[in-house]
Amino acid sequence: MTVLPLVELVNVTKRFGKITALNRINLSVEDGEYLCILGPTGAGKTTLLRLIAGLLEPDEGEIYIEGRKVNKVPPEERNAAYMFQNYALFPHMNVWRNVSFGPIIKEWNQKRINDVTSEVLEMVRLGERKNAYPHELSGGMQQRVALARGIASGARILLLDEPFGALDARLRVNLRTHLKSLVKDQRLTAIHVTHDQEEALMVSDRIAILREGRIEQIGSPQEIYTNPKSIFTISFVGGANFFEGVVSRVNEFGSEIELRGGLRIHVSDRSRNVGERVVVAVRREHISLGKSRRRGFNNLLGEIEDVMFVGGSMEYMIKLENDMTLFSRILLKGSSTPLRRGEIVIISFHPRECRIFEYPRRGLLKEIEAI
Ligand SMILES: Nc1ncnc2c1ncn2[C@@H]1O[C@H](COP(=O)(O)OP(=O)(O)OP(=O)(O)O)[C@@H](O)[C@H]1O
Ligand SMILES: [Mg+2]
């Protein structure tokens, strides 16, 4: 049996004058799924949510919710609650009134309104603050009221636009996990827009990487992290070191890449041709630093230029012989003493940990800057 997707976009295009905000988007969201739309500013994330919510109409393509084409269906008939990027509560209404707003509009009977409102307020743990006004609540509490209001409206699909944007880091992490379990426990479906890769990796079942109006890659957090299909994705999710070079040899073991200044590195990938201009990406955590060469690894010589403590691990900035700068992230273990600025080290990374990409047409910097 095939399960019908809950939300489906087929070749959806949206333009604003000369700007193509979304370009032939195809996307299916399963019932009960937690999907994150991850992308830089201006990528089209809000536009995508507004289209699903029914606040905008596509110029081309179709949108389906529960198998029904909804291009012309008004927002209130879509079974979806849209939470704005800058969530707006009614300032003159207390928490209770804010949350019961949807049910009241829908003219449910009083008992049902009361039951649903108190249940949802308990869910977001704000039952005791039901008489407070928005300005009397912290940012995180206001956020939870907005969430409660969306859920109380009976919507099965939550459309969340940067729901934790305005909150401090710790609260954001707390609310993330809270929201994810809420969605799973209540069997809701969430489409959560964010530009924060860590947030997306943490909460999603799947992540769709949106860039310049197109979906660049879609997959589970682990797939996106371990098998990024583009320089953009690898640099946007997790980040990496990038080596520019030319393929100088390909044999049964892999390829050899010649870098600036005559340095050579080996990668296991054999899919490129000799003479091709390429970019090799290596994650920071795949670069180890030591005093001796490691067999079977790439070994380069460098000098530590800077040392940064990033809670639980050390991040090193290293200058290579060819003047290139590299970053390495090394987990701090009880006994290890961090390396010091000025030390000469051997930088090692395995050919298998190197990902190779075609040199981007607009140049490497532009490609990464586009973030
Ligand atoms: N109502 C509008 N009129 C004209 N252009 C618009 C409108 N809404 C969005 N755009 C344009 O569409 C593109 C995508 O905008 P959108 O708001 O979807 O981006 P976003 O990914 O949500 O960005 P951010 O992370 O900054 O919120 C941008 O170039 C934006 O200027
Ligand atoms: Mg936006």
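First, conventions. Residues count from 1 along each chain as its sequence is written, chains are lettered from A and ligands numbered from 1 in the order in which they are written. Because the model is predicted, local features need pLDDT of at least 70 and side-chain atom pairs count only at pLDDT 80 or more, while totals for chains, interfaces and linings use all residues; side-chain values use heavy atoms, with hydrogens and water left out.

Start with ligand 1. Its shell holds 12 residues, each with a heavy atom within 4 Å of the ligand. The closest are Thr-41, Gly-42, Lys-45, Thr-46 and Thr-47.

Now the polar contacts, meaning pairs of N or O atoms within 3.5 Å. The side chain of Thr-41 puts an N or O atom 2.5 Å from a ligand oxygen. For the side chain of Thr-47, the distance to a ligand oxygen is 2.5 Å. Gly-42 uses a backbone N or O atom, at 2.8 Å from an oxygen of ligand 1. On its own, ligand 1 has 630 Å² of accessible area, and the protein covers 60% of that. The area method is Shrake-Rupley with a 1.4 Å probe.

Which elements each supply at least two residues of that shell? Strand E2 (19–29) and helix H1 (45–53). H1 gives the most, with three residues. Elements here are DSSP runs, numbered from the N terminus: helices are H or I with at least four residues, strands E with at least two.

By class, the shell has five nonpolar, six polar and one charged residues. Note that Gly counts as polar and Tyr as nonpolar in this scheme.

Next, pockets. A pocket is an open set of points on a 1 Å grid over the protein atoms alone, where a 1.4 Å probe fits, with protein on both sides within 12 Å along at least five of seven lines; lining residues have an atom within 4 Å of a point. Volume is the space filled by probe spheres set on those points.

The largest pocket is about 700 Å³. It has 23 lining residues, with Ala-80, Ala-81, Tyr-82, Gly-102 and Ser-153 closest to its centre. Strand E6 (80–83), helix H2 (95–105) and helix H4 (139–152) each give two or more. E6 has the largest share, four residues. The lining splits into 15 nonpolar, five polar and three charged.

The second largest pocket is about 360 Å³. Of its 13 lining residues, Phe-242, Glu-244, Met-324, Thr-325 and Leu-364 are closest to the centre. Eight are nonpolar, two polar and three charged.

Last, salt bridges: a Lys or Arg side-chain nitrogen within 4 Å of an Asp or Glu carboxyl oxygen. The count is 23. One of them joins Glu-33 and Arg-206, with closest N and O atoms 2.5 Å apart. Those two sit 173 residues apart: Glu-33 in the loop between E2 and strand E3 (34–38), Arg-206 in strand E9 (residues 206–211).

Notes. A polar contact is a pair of N or O atoms within 3.5 Å; within protein, one must be able to donate a hydrogen and the other to accept it, and residues adjacent in sequence count only if both atoms are side-chain atoms.
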